[in-house]
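Please open the model in your viewer and keep the selection panel at hand. The stops below say what to select next and what is there.

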Amino acid sequence: MGGLEVRALTKVYGSGRTAVRAVDGVSFRLEEGEFAAVLGPSGSGKTTLLAMLGALLQPTEGEILLGGRDIARLSERERTRLRQREIGFVFQSYNLVSYLTAYENVLAVADFAGRKDRAARERARALLEELGLGDRLGFLPAELSGGERQRVAIARALMNDPRLVLVDEPTASLDSQRGRQVVEALVAEIKGRGKMGIMVTHDERVTGYADRLLRIQDGRLAADVPQRR
Amino acid sequence: MLGINELRRKKVQFGLITAMVALVVYLLLMLNGLGNGLHQAMIGSVAGLNGDLVVYDEDANLSVQRSEVDAAALAAVARTEGVAAAGPLGHLTLTLLPEDGRRIDATLWGYEPGLPGEPDTLREGNPLAPGDVEHVLVDRSLAEEYGLRAGDALTLRAGGAERRVTVRGVVSEGKYAALPTVYATLTLWDALKHANVTGERPAASVVLVRAAEGADVGALARRIDGAVPGTQTVSRDAAALAVGGVREQDSVVYGMLGFTYLVGTLIVGVFFYVLTLQKIGQIGVVKAVGASTWYVFRELVKQVLAVMLLGTAVGAPLAALTVQALRRQMPLFDIDPGSAVVGVLLLAATALLGTLFSARQIARVDPIIALGQVQ
């Protein structure tokens, strides 16, 4: 019930002869506490898949059951609400709000949902401390290193206590050592809280942290490989 | 949370726009002061006349200077049904010569004590008795700007006639046609105005009418015009607006005010529009992580309100101080607090209207841009 079930998910751009099937009949299932890495060359449709899972893009066909509820066909308002409560995002280039401090960037998520209460403030602080940013709460993104910024983004993704955390190329702007540290922290946070995580990457060095490897090729799921860690 | 923090952390940008708003508010209030001051200077004494209707000579085209009413017409107006009281009012432009050698151009109103037309805002000294030709009342501009007080001696010079009088009191009435005013008995007015006239002469310039309790003033005006041949009767407010040049002057000031609103709206609207365009990427990200379009727009509105509030907090006291300082040399500036508040609120409202450009942009941002290139 609590997991993620994707059934025959398809996204078609354009129509007729110029139609492109960016994602083509992808099905898989993810249990709570599972962390999957989606691998594939650029243009394989992995970002499109991530966008649909994150309710940023309406699929052409197929179902996405998150906690038993189909999120494939929701109104814009419902999708905003879903992202507010059920989904956490970590983007490629951190994408923090430049004029908010680390702490405020995390707390803002609670404010979007209209719940900037005491509990939220304590949660934001605790998350950042856990990620080793206890002494960086009042720093603006420009004053943080790349790894620190990405850890703020991880705290932000967890702030709303989501079921599903979606991660887009988290190591793209980091050197390999920092990249590994960030992914380690990410996996620890997600699995430690019994959440599901899906990380899109083409960085083979960090796929070892995933429970599952989903290989995408030309929009299709080419392989679904469980990994032992 | 986003809006106010952005304001705090982009002090230069928001400081500049706040300074602009402060200047617009300043300009708005100075124009308000000028418009109100000029308006009052033109019509203050007519608007303050003690009566409901003004009866003119039909050929005068609502000009007090040209109007002449004879005794028969005055009596006929007083007899008209619905008229509680009718008082003659004489108008005269003259020169005042106080003891200190200055010469002051002024308007003189001659009235019959006890009848409509008598100023009822005495704030110093005593009223005039009927037939008194040795005393006058002066308006507040003569008291404030020229320092005339009850008891001061004064020579009135009009045409060839001269009269030495004493100021008996100060009234709160305003100016007329930008000239300070003095109030005298109709007897003194007649003596000055018609010093060289022999034989028949008009009884007054206009007649001021107080309507009976509960009477329909508009209907009464028509009844007077019907009953008394050769008259044109209008309300006191219409008479005030008929003072030469008032409408033109007001429309110039209103035109400038209109442009001030337009400029203010554009400055604020364009500033926030450009700021919004610069932030498209960031807006995409916050929408992706759960902010609604409405949330982002609300933060923008908070910023606009904060900027308007700060700008007003700077601009309004500056304008008040300037007017205070200018009043000595240029008494024409006179801010009307009521219309000033309405004006500032209107500016805030039009500034908010300007954010609608940005609202459209915010609504159009697709949160998917947070993922970079998708297909």
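Is B:Ala215 buried, exposed or partly exposed? B:Ala215 is partly exposed, because 17 other C-beta atoms lie within 10 Å, where a residue counts as buried with 20 or more other C-beta atoms within 10 Å of its own, as exposed with 12 or fewer, and as partly exposed in between, the C-beta atoms being placed from the backbone. Before going further, note that this is a predicted model, in which local features need pLDDT of at least 70 and side-chain atom pairs count only at pLDDT 80 or more, while totals for chains, interfaces and linings use all residues. Residues are numbered from 1 along each chain as its sequence is written, and chains are lettered from A and ligands numbered from 1 in the order in which they are written.

**Around B:Ala215**

With B:Ala215 still selected, you will find it in the loop between β9 (206–211) and α6 (217–227) of chain B; helices (H or I, at least four residues) and strands (E, at least two) are DSSP runs numbered from the N terminus. Leaving aside residues up to four places away in sequence, B:Ala215 touches B:Gly82 and B:Leu220, contact being taken as C-beta atoms, placed from the backbone, within 7 Å. If you also select B:Arg66, the C-alpha atoms of B:Ala215 and B:Arg66 are 29 Å apart in space, and the two residues are 149 apart in sequence.

**Where the chains meet**

Next, colour the two chains separately: 29 residues of chain A are in contact with 22 residues of chain B. On the side of chain A that touches chain B, α1 (46–53), α2 (76–85) and α3 (102–112) of chain A each supply at least two residues, and α3(A) gives the most, with five residues. That side of chain A divides into 15 nonpolar, eight polar and six charged residues, where Ala, Val, Leu, Ile, Met, Phe, Trp, Tyr, Cys and Pro count as nonpolar, Asp, Glu, Lys and Arg as charged, and the others, Gly among them, as polar.

**The largest nonpolar core**

Now select A:Val38, A:Val106, B:Val55, B:Val77, B:Val206 and B:Val207, the residues with the most contacts inside the largest nonpolar core, which has 167 residues; such a core is a set of buried Ala, Val, Leu, Ile, Met, Phe, Trp, Tyr and Cys residues joined through C-beta atoms within 7 Å. Helix α2 (residues 11–47) of chain B gives the most to this core, with 15 residues. Zooming in on B:Val207, and not counting residues up to four places away in sequence, you will see contacts that include B:Val55, B:Val69, B:Leu74 and B:Val77.

**A last stop in a loop**

Finally, select A:Asp218, in the loop between β9 (212–217) and β10 (220–226) of chain A. A:Asp218 has a positive phi of about 50° although it is not a glycine, whereas most residues other than glycine have a negative phi. A:Asp218 counts as partly exposed, with 14 C-beta neighbours inside 10 Å.
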